[in-house]
Every structure is written in C-alpha cells, then in structure tokens.
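Here is a short briefing for a first look at a new structure. Keep the model open beside the text and follow each point in turn.

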Amino acid sequence: MLFEIAEDVKKEISAYCNEFEIFIEREKSLGIDSQKNSLNFAKEEFNIGIGIRIINDDKLGFAYTSNPDKIDKIAEIAFLNGKANEKDENFSFSHKAKLPKVAKTYDKRFKRFKLSEATDFLDSALATVEEEGCEVSSGSFQASSFETLILNSNEVCVFNKSTGFYGSISVNAEKNGEKSTAYDSISSCSFDLDPVKLSKHVCKIAKDSINGVKVETNDMDVVLDYHSCTGLLNTFINAFNADNVQRGRSILADKVDKAIVSDCLSIYDDGSLDGRLFSSTTDSEGTPSQKTTLIKDGILKGFIYDNYTAKKSRIDSTGNGMRGTYASTPSVDSSNIVLDFKDMIDISEINNGFIATDVLGAHTANPISGDFSVEANNAFLIENGEITKPVKKAMISGNIFNALANCCGLKSEIKQYGSFIIPKIMCKDLRVVG
C-alpha cells in the first residue's frame with residue numbers, strides 16, 4: 001500500500017520539479033490507562049500520513065496530508081510554498097547507498113496483539129502493587145507498530161518497520177502517617193516487559209522513601225540513577241547537535257580534539273544497533289544509520305548532522321536527520337546514545353554519598369552553559385558503601401559538563417531510557433543542598 005501511494009505522489013510531484021522527497025508513515029497503536037486500581041481508558045489508533053519536500057531553484061517547499069486522496073493538492077502546495085521561500089544552496093536529499101543490517105526492531109507478535117494482552121499486563125502490574133501494600137496512582141501500557149517509506153529523486157527507496165512496547169506505573173506508599181510516591185517505566189522493541197518486576201521495584205522505592213531525613217548542604221559523590229541521568233543528559237547531548245554548533249549555541253563548538261569529559265568515558269550515537277528503541281536502517285531522510293563517535297576516552301571527536309547541516313560544513317551526514325512525524329521536516333537529533341565507561345566502581349566503594357532516583361526541573365538547565373539546579377526525588381544517603389536513610393528534601397546543583405569531567409560508571413545493569421543506553425553514573429563532588 002505504501003509503495004502504491006509513493007508512486008502516485010511521485011507522478012504528481014514530477015509535474016512540478018525534478019528534485020523531491022516523499023516520506024510516508026503508517027502507525028498502529030493500542031493503549032490502555034488506569035487511574036488508581038481501575039482500568040478506565042483504552043484506545044486503538046490507525047494513522048497514515050504523507051510529507052513531501054521539493055527543491056526547486058535552491059528553494060525548499062514542504063507540505064503534508066493525512067488523506068491519501070489529496071496527494072495532488074499537497075504536491076501543488078509544496079511547489080508553491082517553495083516558490084515563496086528564500087534560496088539556500090545547502091538544501092539536499094540523500095543519495096542511494098548501502099544500508100546496514102539492523103535486527104530485532106520488529107516483533108511479529110504485534111500482528112496478533114489483542115486488547116486483552118494489554119489489559120493482562122496492566123492488571124498484573126496493579127495487582128502486584130496491591131500485594132506490595134502500596135496504592136496505585138496511575139498506570140499505562142501501549143503497543144505500537146511503525147512503518148515508513150522514503151522515496152526521492154536520487155533513487156533512494158527505503159522501507160523500515162519497527163514495534164515499540166511501553167509500560168509505566170506510579171504508586172503511593174504510606175506508613176505511620178508519612179507518605180511517599182514513586183514512578184518508573186519500561187520500554188522495548190519486543191513484548192518482553194515484566195509488569196511484576198516493574199511494580200515491585202517502584203513499590204520498594206516508594207516504601208523506602210518514607211520517613212526521610214534532612215541532609216546538610218555539602219559537596220558529595222552523587223549517584224545519578226537512570227531517570228535522573230536522562231534528565232540531565234538531554235541538556236548535555238544538545239551540545240553535539242550540529243545545528244546548535246553552527247548557530248553558536250553549543251559550548252563545544254571549538255573543542256574538537258580536546259578533553260571535555262572524564263578519560264574513562266566514550267560516547268557514541270548509533271542508530272544501527274540491534275534491538276534498540278531508535279534503531280533503523282536509515283534516518284528519516286534515507287541516509288544509512290551508522291555509529292558516530294562523539295567522545296573517545298574523554299576527547300571530543302565530532303557532532304551529529306543531518307543533510308542540511310552536513311552540507312553547510314562540507315561533510316557527509318551522520319544519519320541523524322530525524323522527524324517527529326510526517327507533518328514535520330527533518331532536523332538534527334540523536335538516535336541511540338551509548339555511554340561507555342572503561343572504569344566502573346561498585347557502590348561499596350562509596351563511603352559518603354547521595355543517590356537520586358529521579359530529578360525534577362531538569363528542563364530548566366541552561367542549554368548552553370550546562371548549569372543546573374534540580375530537586376532530587378526518591379533520594380537516599382550512601383554510607384560506608386550501603387544505601388541507608390531516605391532524604392526528605394534536597395537539591396542538586398552543578399554543571400553537567402563539569403560533572404561528566406569528574407565521573408565514572410557505577411556497576412549496574414545497562415538500560416535504555418529514551419535515547420540513552422546507560423549504567424548508573426557517579427559524579428564526584430556535586431553540591432547537594434539540604
């Protein structure tokens with residue numbers, strides 16, 4: 001079906017110009033939510049959309065529709081929009097190239113997936129919360145499949161498909177009049193999520209957080225758990241976006257081949273990894289996915305590019321031209337970000353520390369300088385190598401670039417949260433404000 005639509009769009013757009021790109025997306029999803037212990041909302045969606053970009057006389061035109069019967073109209077609109085835009089010689093489309101083999105991003109079980117399976121997942125999660133003596137605040141489960149087809153005037157014709165499964169739970173715990181909350185989520189390309197394990201983990205955090213103590217303001221070794229890591233790393237990774245570099249919005253612009261983080265840390269962007277959430281044979285422009293080294297042993301090696309920013313810098317795209325949906329044009333974004341530590345310490349080696357399960361306010365971090373001040377959520381003291389008392393309220397402040405210059409990995413499971421594939425991270429001498 002997608003290929004037939006693409007050929008029809010190609011015929012329409014060829015009447016207006018010779019340089020074009022057709023992006024078609026089809027999504028199926030099934031989701032269910034709960035409030036407290038009741039399953040209260042379920043939905044099933046099917047969406048298809050078409051986005052067209054054209055280049056004519058160095059001008060870019062774009063239009064989109066969710067109605068395949070209107071492709072003649074959007075072909076004309078894309079052409080007219082282009083005529084109204086300014087010339088820019090850096091507009092370009094991907095060229096045909098050899099694609100990597102990327103496996104385990106599609107679970108065939110999705111074809112037979114039923115609402116009852118989503119209900120069973122969430123029922124199991126809710127029942128476990130009750131067994132653990134906690135109260136459900138909310139929960140959710142979603143299963144989705146994505147299909148994309150990219151066809152352009154440079155002989156690119158790429159079809160990708162993937163699946164995604166997601167579950168989350170938020171709970172309340174109470175003891176002797178003291179209350180606490182906790183939240184966590186899990187996601188995978190395959191339907192291999194464990195609702196019981198998720199709920200037990202969240203309930204333990206909530207119960208352990210009751211009766212928190214005050215902490216004295218001090219510089220401490222701070223362990224960032226997975227959620228707190230991803231919140232702060234989003235600010236850090238924006239500095240590797242070539243568009244930010246070219247616009248003077250990245251502190252790293254003039255630091256290539258210089259040490260910027262701990263020499264025990266290497267960071268890669270890799271959209272070609274098997275079974276990862278943001279893996280695919282190509283990006284949203286049809287450029288092959290690849291492993292791009294951003295940092296090697298603490299040394300900055302480069303940035304991530306889409307076609308436009310790559311042409312401005314007279315280099316090749318790194319396969320990081322991404323779209324939110326068919327209704328948007330591509331822009332620079334990460335795929336899977338891997339933090340690879342040579343040195344991993346055990347929590348038993350931390351004598352006086354602090355661990356934050358999550359942080360609130362990470363979005364307020366300065367996107368250029370990297371300065372941050374966030375509230376630690378579900379935080380605990382680490383004393384003589386053991387997690388001991390919960391912390392009632394505390395802030396963590398510092399600079400994400402400085403923090404990663406003085407950090408190491410904590411021996412822990414490697415997990416993917418959002419685009420980040422990470423262990424827990426220990427940053428030395430961060431300011432903890434009681």
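Asp 429 lies in strand β20, which covers residues 420–433. Its phi is near 60°, a positive value in a residue other than glycine. The model is predicted. Salt bridges in it come to 17, and aromatic pairs to 14.

**Backbone angles**

- Most residues other than glycine have a negative phi.
- Asp 429 has a positive phi, near 60°.
- Is Asp 429 buried or exposed? Asp 429 counts as exposed, because its relative accessibility is 53% and the cut-off for exposed is over 50%.
- Asp 257 also has a positive phi, and here the value is near 70°.
- The place of Asp 257 is the loop between α6 (242–246) and β8 (265–270).
- With a relative accessibility of 53%, Asp 257 counts as exposed.

**A contact along the chain**

- Phe 372 is part of strand β16, residues 371–383.
- Its relative accessible area is 6%, so Phe 372 is buried.
- How far apart are the C-alpha atoms of Phe 372 and Gly 398? They are separated by 5.6 Å, and the two residues are 26 residues apart along the chain.

**Aromatic rings**

- A pair of aromatic rings is described by the distance of the centres and the angle of the planes.
- The search of the whole structure finds 14 aromatic pairs.
- One of the pairs is Phe 113 with Phe 191: the ring centres are 5.1 Å apart and the planes stand at 85°, so the pair is edge-to-face. The cut-off for edge-to-face is an angle over 60 degrees.
- This pair links distant parts of the chain, 78 residues apart. Phe 113 sits in the loop between α2 and α3, and Phe 191 in the loop between β6 (178–188) and α4.
- Phe 113 has a relative accessible area of 12%, so Phe 113 is buried.
- Phe 191 also pairs with Phe 141. The centres are 5.8 Å apart, the planes are at 65°, and the pair is edge-to-face.
- Phe 141 lies in strand β4 and Phe 191 in the loop between β6 and α4, so this pair ties together parts that are 50 residues apart in sequence.
- Phe 141 counts as buried, because its relative accessibility is 1% and buried means under 20%.
- Which residues form one aromatic cluster? They are Phe 113, Phe 121, Phe 141, Phe 165 and Phe 191.

**Salt bridges**

- The count comes to 17 salt bridges.
- Glu 147 forms a salt bridge with Arg 26. The closest N and O atoms are 2.6 Å apart.
- Glu 147 lies in strand β4 (residues 135–152) and Arg 26 in strand β1 (residues 19–35), so the pair ties together parts that are 121 residues apart in sequence.
- Glu 147 counts as buried at 18% relative accessibility. Arg 26 counts as buried at 18% relative accessibility.
- Asp 107 and Arg 109 meet through their side chains in a salt bridge of 2.7 Å, N to O.
- Asp 107 is buried, at 8% relative accessibility, whereas Arg 109 is partly exposed, at 39%.
- The side chains of Lys 204 and Asp 208 form a salt bridge of 2.6 Å, N to O.
- Lys 204 and Asp 208 are four residues apart in helix α4 (residues 195–208), so about one helical turn separates them.
- Lys 204 is exposed, with a relative accessible area of 52%. Asp 208 counts as partly exposed, at 34%.
- Which residues are linked in a network of salt bridges? Glu 21, Arg 53, Glu 285 and Arg 323 are.

**Surface charge**

- A patch of positive charge lies on the surface, where Lys 108, Lys 111, Arg 112 and Lys 161 gather.
- Where is Lys 111? Lys 111 is in the loop between α2 (71–84) and α3 (115–131).
- Lys 111 counts as exposed, because its relative accessibility is 64% and the cut-off for exposed is over 50%.

Note on methods:
Residues numbered from 1 in each chain as written. Predicted model: local features only at pLDDT ≥ 70, side-chain atom pairs only at ≥ 80, totals over all residues. Heavy atoms only, no water. Patch = residues over 30% accessible without salt bridge, like charges linked within 9 Å, V, L, I, M, F, W, Y side chains within 5 Å. Areas by Shrake-Rupley, 256 points an atom, 1.4 Å probe, with all protein chains shown as cover. Salt bridge = Lys/Arg side-chain N within 4 Å of Asp/Glu carboxyl O. Lys, Arg positive; Asp, Glu negative; His and termini not counted. Charge placed at Lys NZ, Arg CZ, Asp CG, Glu CD. Helix = DSSP H or I, 4+ residues; strand = E, 2+ residues; numbered from the N terminus. Buried < 20%, exposed > 50% of the residue type's maximum accessible area, 1.4 Å probe, protein only. Phe/Tyr/Trp six-rings, centres within 6.5 Å; stacked < 30°, edge-to-face > 60°.
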